[in-house]
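Please open the model in a viewer and keep the selection panel at hand.

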Amino acid sequence: MTAPTVTLPGGTWTLGDLVVTRFGYGAMQLSGPGVMGPPADRDAALTVLREVVALGITHIDTSNAYGPRVTNELIREALQPYPELLHVVTKVGSCRDEQGGWPPARQPDDLRRSVEENLQTLGVDVLDLVNLRLGNAQGPQPEPLTAAFETLVELQQQGLIRNLGLSNVTAEQVAEARAIAPIVCVQNAYNLAYRRDDHLIDELAAEAIAYVPFFPLGGFSSLQSKILSTVAIRRHTTLISVALAWLLQRSPNILLIPGTSSVAHLNENVTGARLALSDDDLTELDKIGLQTH
Ligand SMILES: NC(=O)c1ccc[n+]([C@@H]2O[C@H](COP(=O)([O-])OP(=O)(O)OC[C@H]3O[C@@H](n4cnc5c(N)ncnc54)[C@H](OP(=O)(O)O)[C@@H]3O)[C@@H](O)[C@H]2O)c1
């Protein structure tokens, strides 16, 4: 990996046997509308991925379900041979139907196939980190995970996966998985306005397990709040910068994977996340979460 042009905000975090920059990149936005099919501008998507690496980011989040296959294939095309320091994190547990839905694919055979497909589309012999994604679009659901998680542990023992994580799960499911094998991260929906996992984040921090919020900027509906606007105006910056800086300051185990299909936005986000929020800013921003609880 060539020397990064800037130092990333947040420093690094150790995910099992991987060291990653806390400022990562979520690749979901690179496939077509509705996360289906190819991007409108393939070259632009490849350029974003190369810029991610040029900035020194060493954590890319993806899934073979994005496209499907599209995002993984873009990553491979843009970045192979992969820089040694770069780690690509993928997830299994859902597939895609013809309507663009995300039906569960959590039977042992589904999971083995999905791991194989991720290895193939990313063009690697071993996956750095695989998250078992449970629940549905409404969030985590009370479902057993033992059979699915044990299947991934077997694949890890066979040398196909280095580290395991969970996504879209409850605290109870985290405990259930950890009774079977170690996990290095939990990837759930969380942002300044959606703070259901506040306790879980603190519990994971105490165990040195990373928390990786998806939808850090609000996902498909961008974050809007009067308080957020007031703080952004006072600090002469954007809502997005405040939202990212807040996550980095919220807890040291939070890793960022903001999604973007734009090189300009990627650079803005890296710069914006450097903002040092004051105690007064943080007290005010906390009220957003209270309003939306
Ligand atoms: N585990 C799961 O179930 C799950 C679910 C969803 C997502 N994820 C992961 O989490 C990552 C992040 O989530 P996400 O991408 O859905 O949502 P997000 O990061 O909250 O928001 C992405 C949206 O913000 C826009 N954006 C980013 N930077 C911007 C800027 N500087 N100015 C204006 N707009 C900006 C992007 O548009 P532009 O493209 O125009 O910049 C895009 O529409 C995904 O990429 C994916 O890897 C995981």
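Select Val35, which sits in the loop between strand S3 (25-26) and helix H1 (42-54); helices (H or I, at least four residues) and strands (E, at least two) are DSSP runs numbered from the N terminus. The phi of Val35, a residue other than glycine, is positive, near 55 degrees. Val35 is buried, at 6% relative accessible area, where buried means under 20% (1.4 Å probe, protein chains only). The model is a predicted one, in which local features need pLDDT of at least 70 and side-chain atom pairs count only at pLDDT 80 or more, while totals for chains, interfaces and linings use all residues. Residues are numbered from 1 along each chain as its sequence is written, and side-chain values use heavy atoms, with hydrogens and water left out.

Next, select Ala208, in the loop between helix H6 (198-206) and strand S9 (210-211). Ala208 also has a positive phi, near 60 degrees. Most residues other than glycine have a negative phi, and most peptide bonds are trans.

Two cis peptide bonds follow. Gly67 and Pro68 are joined by one, with omega about -20 degrees; Pro68 belongs to the loop between strand S4 (59-61) and helix H2 (70-79). Continue to Gln80 and Pro81, whose connecting peptide bond is cis with omega near 0 degrees. Pro81 is placed in the loop between H2 and strand S5 (87-92).

Of the 25 residues around the ligand, which come nearest? They are Asp61, Leu217, Thr260, Ser261 and His265. Helix H9 (residues 263-272) gives the largest share of this shell, 3 residues.

A side-chain N or O atom of Ser261 is 2.7 Å from a ligand oxygen. Gln187 places a polar side-chain atom 2.9 Å from a ligand nitrogen, and a backbone N or O atom of Pro216 lies 3.2 Å from a ligand oxygen. The protein covers 84% of the 900 Å² of accessible area (Shrake-Rupley method, 1.4 Å probe) that the ligand has on its own.

Finally, display the whole chain, with its 10 helices and 9 strands. Its C-alpha trace spans about 55 × 40 × 40 Å along the principal axes. Of the 293 residues in the chain, 55% are buried.

How values were computed
Near = heavy atom within 4 Å. Polar contact = N/O pair within 3.5 Å; in protein donor to acceptor, adjacent residues only side chain to side chain. Buried < 20%, exposed > 50% of the residue type's maximum accessible area, 1.4 Å probe, protein only.
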